[in-house]
Each structure stands twice: as C-alpha cells, then as structure tokens.
Amino acid sequence: MITIKSFEFNYFQENTFLLYDDTREAVLIDCGCCRKEEEKELTDFILENKLTLKHLLCTHLHVDHVFGNGFIYKTYGLNPEANKQDVEKLPSPDEQAKLFGLRQQVENVPVEKYIVGGETIKFGTSELQVLTVPGHSPGSVAFYNKKNGFAIVGDALFAGSIGRTDLWGGNQEVLVAAIRDKLLSLPDETVIYPGHGPETRVIDEKFNNPYL
C-alpha cells in the first residue's frame with residue numbers, strides 16, 4: 001500500500017508529493033519548497049517517518065515545481081529525474097524565476113536521468129508507470145500506480161481545468177489530446193493528484209471538465 005503525503009509550497013501554492021510504502025522507501029515528486037520553514041516541514045516528516053528517499057521525480061521543469069531540487073541534492077544527494085524535452089527546451093529554473101519577476105535565486109541542479117514514457121520507476125515494493133502528457137510543457141509526464149488507483153499529473157490536468165499553454169513550448173491542442181489519450185483512458189475511479197489545487201477523479205473530469 002502506498003501512502004501519499006502532500007505539501008503545499010512556495011509562492012504558487014504548488015503541490016509537492018511524497019510517496020512511500022511499508023518498506024519506508026520513498027519518492028519525492030515536484031519538490032517546490034523554497035523557504036526554510038518549508039524545507040524543515042519536509043525533512044521533519046521524512047525523519048519522523050524514518051523514510052529513505054530513492055528518487056527525486058519531476059512531472060515537468062517549471063520553476064514552481066523545482067524550487068527545492070537544490071536543497072534535496074544537498075541534503076540527500078539525489079539529482080532530479082525528468083523528461084529530456086523539458087531539459088532541452090525550457091529556460092533554466094533560475095532564468096524562469098527572473099522572467100516571472102522573482103528575486104529568489106534558484107539552483108540549477110542537473111538532471112541525472114531522463115524519464116521516458118512507458119518506463120517503470122520502482123521504490124520499495126511499489127511501482128510508478130510513466131505516462132507522457134506534453135502540452136503544458138514539452139516534456140510533461142505523469143506517474144500512475146494501477147494497484148492503488150492514482151496518478152500524479154503535474155500541471156497537465158486540474159479539477160475542472162487544464163494546464164496553461166502560454167509558456168515555453170506549450171500547446172493546448174497537444175495537451176488536450178494527451179489528456180484524452182493518457183489520462184482519461186485510465187479507470188474512471190482513478191484519483192488525479194494535480195500540481196495545484198484539490199485532487200479529482202478521471203470520471204469527474206470526463207463529464208465536468210469544460211476543456212475536455
């Protein structure tokens with residue numbers, strides 16, 4: 001059984017997800033912590049639950065989802081894992097921060113491993129399947145677990161909405177097609193955990209999302 005712990009971090013109220021199972025091995029998805037108190041909240045939870053971080057995963061490389069990558073690298077020695085398209089086609093996180101008018105410097109931690117659609121990421125006795133859902137960014141991916149019935153989707157899909165497509169390499173037509181192909185094809189009761197806002201379900205988005 002996978003436990004999902006969510007945190008809401010940084011100026012953009014971004015959802016960071018920590019997943020772990022009974023082995024206490026864990027993966028961190030979209031680490032957005034950027035303040036000392038946010039870093040402490042995350043590390044305190046990891047310490048109190050005696051977790052061992054195995055992967056630092058990125059649904060995409062927009063700055064609000066990677067603020068904490070430098071902290072995680074310094075603290076746990078993990079490099080981020082992301083899709084090659086985002087690595088090659090997006091400005092660096094520090095450049096993005098400046099373009100958003102943020103004064104905070106963001107450390108550009110190199111991606112150690114490229115994530116590709118169809119691969120399986122393992123931790124403990126658990127697995128996450130990588131789904132490619134480009135359109136919000138060129139290399140956006142989602143992480144799906146069939147056994148527990150959930151998907152971590154970044155900013156591709158929200159409750160009643162979809163990701164913005166006016167940033168670098170965004171394309172609404174591509175995004176809607178990817179959502180329909182990769183996310184709405186999942187079982188209806190699959191829980192969708194987005195990068196901002198509340199969770200939803202596949203069936204709710206099929207019938208209630210005006211963009212789809």
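Two strands pair if DSSP finds at least two bridges between them; strands (E, at least two residues) and helices (H or I, at least four) are DSSP runs, numbered from the N terminus. The model shown is predicted, so that local features need pLDDT of at least 70 and side-chain atom pairs count only at pLDDT 80 or more, while totals for chains, interfaces and linings use all residues. Residues are numbered from 1 along each chain as its sequence is written, and side-chain values use heavy atoms, with hydrogens and water left out.

**View 1. The open sheet has six strands in the order β1-β2-β3-β4-β5-β6.** The pairing within this sheet is mixed. β1 (3-9) and β6 (113-114) stand at the edges with a single partner strand each, so one side of each has no neighbour in the sheet. Strands β2 (residues 14-20) and β3 (residues 25-29) run antiparallel and are joined by four bridges. F17 has I29 in β3 as its bridge partner.

**View 2. Helix α1 (residues 36-48) packs on the sheet.** The helix touches β1, β2, β3 and β4 (52-57), where contact means heavy atoms within 4.5 Å. The direction of α1 makes about 165° with that of β1; axes are lines fitted to C-alpha atoms, for helices over the stretch in contact, and angles run from 0 to 180 degrees between N-to-C directions. At 1.5 Å a residue, the 13 residues of α1 should span 18 Å, which agrees with the 18 Å between its end C-alpha atoms; the expected span is 1.5 Å times one less than the number of residues.

**View 3. Helix α1 has buried residues and, on the other side, exposed ones.** Buried means under 20% relative accessible area, exposed over 50%, and partly exposed in between (1.4 Å probe, protein chains only). E38, E39, L42, T43, F45 and I46 are buried. Seen down the axis of α1, the buried residues fall within an arc of 155°, so they line one face of the helix; the arc is that of the directions from the helix axis to the C-beta atoms. These buried residues pack against β1, β2, β3, β4 and α2 (69-76). On the other side of α1, K36, E37, K40, L47 and E48 are exposed.

**View 4. H136 lies in the loop between β8 (126-132) and β9 (141-145).** H136 counts as buried, at 2% relative accessibility. Leaving aside neighbours within four places in sequence, the contacts of H136 include H60, H62 and L175. The side chain of H136 reaches the backbone oxygen of R164 at 2.7 Å.

Methods:
A polar contact is a pair of N or O atoms within 3.5 Å; within protein, one must be able to donate a hydrogen and the other to accept it, and residues adjacent in sequence count only if both atoms are side-chain atoms.
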